[in-house]
Amino acid sequence: MKDSLASGQSGTSPSGDQARIAFIELVQAWISRSATEDGRNWFNTTLDGIRHSADTSRLAFAIGLAPRRLGKADLTLSAEDRTQAAAIRANLDPGDWSIDQAARIAFSVASHHGDDAAFVSWFDGFCATAGINELIALCRGLPVYPAPTLIEPRAREAVRSGMRPVFEAVAHCNPYPVEYFAEDAWNQMVVKAFFIGAHLWPIQALDRRGNPRLARMLVDLAQERWAAGRPVSGEVWRCVAPHADNVGDAALVRAFDTGDDKERLAVALALQQAGEHRVDALFERPESRQQVKTLQSRLASEGIGWKALS
């Protein structure tokens, strides 16, 4: 069974138990320089207790107490910190983690004593009753947990959540969905982002996991919004342009012809990434083709990307 911390790694990278130990040590270093002396002592003592005990009540208590003992300040991570994290787990992005979230994730990882089924049972049960902040932290930790395929149903459940922060904890800056979600689950996640107004640009490997079914689903939703007089996020066209059918092509043209400056730029960027031939094939009028290409030159010269257009 593929292990999260072994996923996507090179032959010289740690895997399995070694990687989990390395991850915990990295979090210890982050907390050591970010928390008070009392907080550091509490974290290290608590972590040691969790490592040597299968008592899940101890774990739950520690997760609940972390914000009070460590605070909720953001971790201040250097470029080296991020490099070290990615060396332990490919594409791990802890840049938005807070101190208490890092501790909660480390406690969860440390609770694994070699029994995947026991870990999954605890994880699923805890998530079912966790408070929103606990759930956000645990979802951000998805890439580093053991038994990643077995916790996939709980990850999908979090994506279906009506709470945007919980959804974003799974969808944003997280390599777990691209590696473990099947196409249907991936498509549902992207569509859900569209529905709740979450940005698409922080979703890792968004372009790589694009597909014709997702493109058509988003076009249908865009048409529904147009019919209701509601705006459509320009980020949608990023997922549509490479996989559009005739209906999708018509929607791209409409979005460019009727959109504001930001939406027109979004369509131009989506077509630029889909390939130069897309512009000439899509727009019959020479003036429209020239307008798109002018905007594409602007995108390149000003370094405008999806984050700026979101």
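Colleague: Where does Glu263 lie?

Modeller: Glu263 lies in helix α15, residues 261-274. Helices are DSSP runs of H or I with at least four residues, numbered from the N terminus. This is a predicted model: local features need pLDDT of at least 70, side-chain atom pairs count only at pLDDT 80 or more, and totals for chains, interfaces and linings use all residues. Residues are numbered from 1 along each chain as its sequence is written, and side-chain values use heavy atoms, with hydrogens and water left out.

Colleague: How do you know that Glu263 has no salt bridge?

Modeller: A salt bridge needs a side-chain nitrogen of Lys or Arg within 4 Å of a carboxyl oxygen of Asp or Glu. For Glu263, the nearest side chain of opposite charge is Arg254, 8.2 Å away. Lys and Arg count as positive, Asp and Glu as negative; His and the chain ends are not counted.

Colleague: Which residues is Glu263 in contact with, leaving aside neighbours within four places in sequence?

Modeller: Trp226, Val232, Trp237 and Ala255. Contact means heavy atoms within 4.5 Å.

Colleague: What makes His112 count as buried?

Modeller: Its relative accessibility is 13%, so His112 falls under the buried cut-off. His112 sits in the loop between α5 and α6 (116-129). Leaving aside neighbours within four places in sequence, its contacts are Arg20, Phe119 and Pro146.

Colleague: Why are Asn91 and Ala205 called partly exposed?

Modeller: Asn91 has 47% relative accessibility, and Ala205 has a relative accessible area of 26%. Asn91 is in the loop between α4 and α5. Ala205 is in the loop between α11 (183-196) and α12 (212-227). Neither is a glycine, yet phi is positive: about 65° for Asn91 and near 60° for Ala205.

Colleague: How does the reach of α1 compare with the span expected?

Modeller: The expected span is 1.5 Å times one less than the number of residues. Helix α1 (residues 16-34) has 19 residues and reaches 27 Å from its first C-alpha to its last, close to the 27 Å expected.

Colleague: Why do you say that the buried residues of α1 line one face?

Modeller: Seen down the axis, they fall within an arc of 160°, so they line one face of the helix. The arc is that of the directions from the helix axis to the C-beta atoms. Among the buried residues are Phe23, Val27 and Trp30. Asp17 and Gln18, on the other side of α1, are exposed. The buried residues pack against α2 (37-51), α3 (56-70), α4 (79-88) and α5 (99-110).

Colleague: What makes a set of residues a nonpolar core?

Modeller: Its members are buried Ala, Val, Leu, Ile, Met, Phe, Trp, Tyr and Cys residues joined through side-chain atoms within 4.5 Å. The largest such core has 104 residues; Phe23, Phe43, Tyr145 and Trp237 touch the most other members. Its largest share, eight residues, comes from α5. Not counting residues up to four places away in sequence, Phe43 touches residues including Val27, Ile31, Leu70 and Phe107.

Colleague: How many helices and strands does the protein have?

Modeller: It has 18 helices and zero strands; a strand would be a DSSP run of E with at least two residues. Of its 310 residues, 52% count as buried.

Conventions
Buried means under 20% relative accessible area, exposed over 50%, partly exposed in between (1.4 Å probe, protein chains only).
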